[in-house]
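This report goes from overall dimensions to surface and charge, then to a single helix. Please look over the sequence and the model first.

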Amino acid sequence: MNNTVGKIERIRGDLKQIVNGLPAKNKIAKNYGKDVLSLIDIIIRRLSDE
């Protein structure tokens, strides 16, 4: 399972870079990106608990 968590963490890091690179005027995309990052954090926590 740790291999899966590691892969998800790398995807999260890539997504975070993309979200941070979005222009500030694109608020909707930034908000959706932050929501997805929050969801990925929850998934990582749940998988780590198993």
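The radius of gyration used here is taken over C-alpha atoms, and the globule rule is 2.2 Å times the number of residues to the power 0.38. The model is a predicted one. For a compact globule of 50 residues, the rule gives a radius near 10 Å. The protein has 12 Å. Along the principal axes, its C-alpha atoms fill a box of roughly 40 × 15 × 10 Å. The secondary structure comprises 2 helices and 0 strands.

Next, the surface and the charges. Of the 50 residues, 20% count as buried. The protein carries 10 positive and 6 negative charges. Their mean positions lie 10 Å apart.

Helix α1 spans residues 2–21, which makes 20 residues. From first C-alpha to last, α1 reaches 29 Å. That is close to the 28 Å expected at 1.5 Å a residue.

Which residues of α1 are buried? They are Val5, Gly6, Ile8 and Val19. These four sit on the same side of α1, because they cover an arc of only 165° around the axis. The other side of α1 has exposed residues: Asn3, Arg10, Ile11, Gln17, Ile18 and Gly21. Buried here means under 20% relative accessible area, and exposed means over 50%.

The table sets out the two groups.

| Group in α1 | Residues | Relative accessible area |
|---|---|---|
| Buried | Val5, Gly6, Ile8, Val19 | under 20% |
| Exposed, other side | Asn3, Arg10, Ile11, Gln17, Ile18, Gly21 | over 50% |

Definitions and conventions:
Residues numbered from 1 in each chain as written. Predicted model: local features only at pLDDT ≥ 70, side-chain atom pairs only at ≥ 80, totals over all residues. Heavy atoms only, no water. Buried < 20%, exposed > 50% of the residue type's maximum accessible area, 1.4 Å probe, protein only. Lys, Arg positive; Asp, Glu negative; His and termini not counted. Charge placed at Lys NZ, Arg CZ, Asp CG, Glu CD. Expected span 1.5 Å × (residues − 1). Arc of directions from axis to C-beta.
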